[in-house]
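My notes are below, in the order I took them.

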Amino acid sequence: MITSVAYSARNLSGLALFSPMILAVVAGMVYSNVIGTPAHAKAGIAFAQRRLLRFAIVLLGFQLTLGQVAGIGLGGVGIVAATLGATFLFTVALGRLIGVDAKLAQLIAAGTSICGASAIVATNIVADARDEDVTYAVAAITLFGTVAMLGFPLLAPLFGLDQHAFGLWAGASIHEVAQVIGAGFQNGTQAGETATVAKLTRVAMLAPMVIALGLMARRGSTEVSAKPPMPWFVVAFVAVVALNSLVAIPAQVHSAIALAAQVLLTMGLAAMGLQADISQLRSRGLRPLMLAFSAFLFISVFSLTLVKLV
């Protein structure tokens with residue numbers, strides 16, 4: 001029901017800028033905090049929040065091929081990788097410095113540096129943060145990603161960026177895939193295509209990032225028998241990218257898979273919204289929001305500097 005509302009709401013004036021995933025989080029929060037979630041729905045919500053979300057992330061692999069990654073060149077891949085790593089480390093370190101909970105800081109770091117809500121969900125498999133933290137991170141990432149989507153195209157002439165450079169900057173720094181596409185194509189077809197490939201390259205780096213976090217979690221565990229959290233969806237995501245690179249899949253099938261992935265992500269995030277307690281979000285205060293803002297500024301300036309230098 002909430003997924004349907006989220007898709008329908010995009011037809012309203014002013015809401016077309018937001019992805020159904022973001023609208024679903026908001027609708028879920030409103031429903032659970034105003035009306036209340038019935039007890040008999042808990043099992044279905046948990047299924048959507050875990051199984052459906054992980055399967056949706058696997059389907060995202062069909063949006064990327066190794067050839068597309070090669071299309072932006074070694075320099076482009078280097079910019080994306082360096083920006084991702086530096087932003088993640090900066091955000092986690094700053095979160096520790098200003099007193100933001102470590103798990104929430106990891107979620108904000110992943111959402112900013114990799115691919116928005118999808119990365120937050122995937123990272124939470126190993127971070128194991130509270131549902132309220134996931135919702136907070138998604139909300140903060142959405143806010144600043146929207147600012148970037150609307151503002152970056154206006155800054156391109158000011159910074160003297162051609163279409164390729166602007167696309168690389170947008171793809172390396174803006175949070176959500178939909179936001180990257182929206183910003184990229186505002187500056188031209190070449191800018192949009194470059195931005196999309198650069199962004200999908202960041203999405204591909206989701207798997208090694210989750211693996212690294214899992215190994216870190218194992219190293220920090222006090223249990224001798226602890227195993228690194230290696231979710232099945234990480235291996236499946238890599239396998240799907242490889243399959244998509246080797247096998248020619250019809251365009252219609254690709255479109256159907258992309259729609260299915262978006263719908264499942266929307267359902268999963270609606271479930272997270274249904275689990276969110278606004279009073280718990282308020283208790284987090286402004287520090288996590290300041291952290292998300294600082295991470296947004298860092299990734300914007302850092303990636304722009306690399307684009308201008310390369």
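**Entry 1: the model.** I noted at the outset that this is a predicted model.

**Entry 2: helix α5.** I began with α5, which runs over residues 73-98. I checked its length: 26 residues at 1.5 Å each should span 38 Å, and I find 37 Å between the end C-alpha atoms, so the two agree. Then I listed what is buried in α5: Gly76, Ile79, Val80, Thr83, Leu84, Thr87, Phe88, Thr91, Val92, Leu94 and Gly95. I also looked just past the end of α5, where Gly99 has a positive phi of about 85 degrees.

**Entry 3: Thr91.** I picked Thr91 out of α5. Its relative accessible area is 0%, so Thr91 is buried, the cut-off being under 20%. What does Thr91 touch, once residues up to four places away in sequence are set aside? I get Ala105, Ile108, Ala109, Leu291 and Ala295. I also looked up the pair Thr91 and Ser294: they sit 203 residues apart along the chain, with 7.8 Å between their C-alpha atoms.

**Entry 4: Ser303.** Next I went to α15, residues 287-309, where Ser303 lies. Ser303 comes out at 0% relative accessibility, so I put it down as buried. Leaving out residues up to four places away in sequence, Ser303 touches Thr83, Trp169, Ala172 and Ser173. Thr83 was already in my notes as one of the buried residues of α5.

**Entry 5: Phe144.** Phe144 is in α7, which covers residues 131-159. I read 9% relative accessibility for Phe144, so it counts as buried. Beyond its neighbours within four places in sequence, Phe144 is in contact with His175, Leu289, Ala292, Phe293 and Phe296. I also checked Phe144 against Asn124: they are 20 residues apart in sequence, and their C-alpha atoms are 20 Å apart.

**Entry 6: Asn244.** I wanted to see where Asn244 sits, and found it in α12, residues 232-246. Buried or exposed, at 6% relative accessibility? Asn244 counts as buried. I followed its side chain to the backbone oxygen of Phe62, at 2.9 Å. Phe62 also turns up among the contacts of Asn244, along with Gly61, Gln63, Leu64, Thr65, Ile249 and His254, neighbours within four places in sequence being left aside.

**Entry 7: Leu274.** In α13, residues 251-275, I looked up Leu274. Leu274 has a relative accessible area of 15% and is therefore buried. I listed its contacts, not counting residues up to four places away in sequence: Ile2, Gly28, Met29, Tyr31, Ser32, Thr37 and Ile45.

**Entry 8: Val30 and its patch.** Val30 took me to α2, residues 20-35. Val30 is at 46% relative accessibility, so I logged it as partly exposed. Together with Val26, Val34 and Ile35, Val30 makes a nonpolar surface patch of about 400 Å². I reminded myself that an α-helix has 3.6 residues a turn, so residues three or four places apart point the same way.

**Entry 9: helix α10.** I closed with α10, residues 189-204. Its 16 residues reach 23 Å from first C-alpha to last, close to the 22 Å expected. The buried residues I noted in α10 include Lys199 and Arg202, as well as Ala191, Gly192, Val197 and Leu200.

Terms used: Residues numbered from 1 in each chain as written. Predicted model: local features only at pLDDT ≥ 70, side-chain atom pairs only at ≥ 80, totals over all residues. Heavy atoms only, no water. Helix = DSSP H or I, 4+ residues; strand = E, 2+ residues; numbered from the N terminus. Buried < 20%, exposed > 50% of the residue type's maximum accessible area, 1.4 Å probe, protein only. Polar contact = N/O pair within 3.5 Å; in protein donor to acceptor, adjacent residues only side chain to side chain. Contact = heavy atoms within 4.5 Å. Expected span 1.5 Å × (residues − 1). Patch = residues over 30% accessible without salt bridge, like charges linked within 9 Å, V, L, I, M, F, W, Y side chains within 5 Å. Areas by Shrake-Rupley, 256 points an atom, 1.4 Å probe, with all protein chains shown as cover. Salt bridge = Lys/Arg side-chain N within 4 Å of Asp/Glu carboxyl O.
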